Amino acid sequence: MKLHVDNNPSLKLFTSHGDGYVAVNLERYTTHLLVLPDRVEPDWTRHDFAALEQQDFAHLAACGAEIVLLGTGPRLRFPHPALQQPLMAAGIGLEVMDTAAACRTYNILASEGRKVAAALLIDTP
């Protein structure tokens, strides 16, 4: 699915997504990805969903966002509440959704100037 591109070229936005990939500002990524309005961090975790660790969420808590959108792949899956402790301790909100919804929601919030991060788990087909 193609998404609308904002006119601010320095703003990192999703331009498309599909099975096993997302594109940010037309650059295609096929690995787990952390996207913030000012940067992209490929491979934010080495783990698939079932192996996520509290350390992965501590990395998200340190990224400078006020809200983190966790895209869990093609289907919605909720991480164990104990894993979310670093985000809760930092007062950072977490919204869990499938990756397509996370891309769309991130674009809206980033375009509004919000301090948002999209942490995506990319499942390869």
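At 34% relative accessibility, Asp123 counts as partly exposed; buried means under 20% relative accessible area, exposed over 50%, and partly exposed in between (1.4 Å probe, protein chains only). The model is predicted, so local features need pLDDT of at least 70 and side-chain atom pairs count only at pLDDT 80 or more, while totals for chains, interfaces and linings use all residues. Residues are numbered from 1 along each chain as its sequence is written, and side-chain values use heavy atoms, with hydrogens and water left out.

Asp123 forms a salt bridge with Arg77. The term denotes a side-chain nitrogen of Lys or Arg within 4 Å of a carboxyl oxygen of Asp or Glu. The closest N and O atoms of this pair are 3.6 Å apart. Asp123 lies in the segment after strand 8 (116–120), and Arg77 lies in the loop between strand 6 (67–71) and helix 2 (85–89), so the pair ties together parts that are 46 residues apart in sequence. Helices (H or I, at least four residues) and strands (E, at least two) are DSSP runs, numbered from the N terminus. Arg77 is buried, at a relative accessible area of 16%.

A search of the whole structure finds 3 salt bridges. Asp38, Arg39 and Glu41 are linked in a network of them. Asp38 and Arg39 meet through their side chains at 3.2 Å, N to O. The side chains of Arg39 and Glu41 meet at 3.0 Å, N to O. Asp38 is exposed, with 54% relative accessibility. Arg39 is partly exposed, at 29% relative accessible area.

Helix 3 covers residues 99–111. Its 13 residues should span 18 Å at 1.5 Å a residue, and the end C-alpha atoms are 18 Å apart, which agrees. The expected span is 1.5 Å times one less than the number of residues. Buried residues in helix 3 are Thr99, Ala101, Ala102, Cys103, Tyr106, Asn107, Leu109 and Ala110. They pack against strand 1 (14–18), strand 2 (21–24), strand 4 (33–36), strand 6, strand 7 (93–97) and strand 8. Contact here means heavy atoms within 4.5 Å.

At the start of helix 3, a side-chain oxygen of Asp98 reaches to within 3.1 Å of the backbone nitrogen of Ala100. Gly113 follows helix 3, and its phi is positive, near 85°.

Note on methods. Polar contact = N/O pair within 3.5 Å; in protein donor to acceptor, adjacent residues only side chain to side chain.
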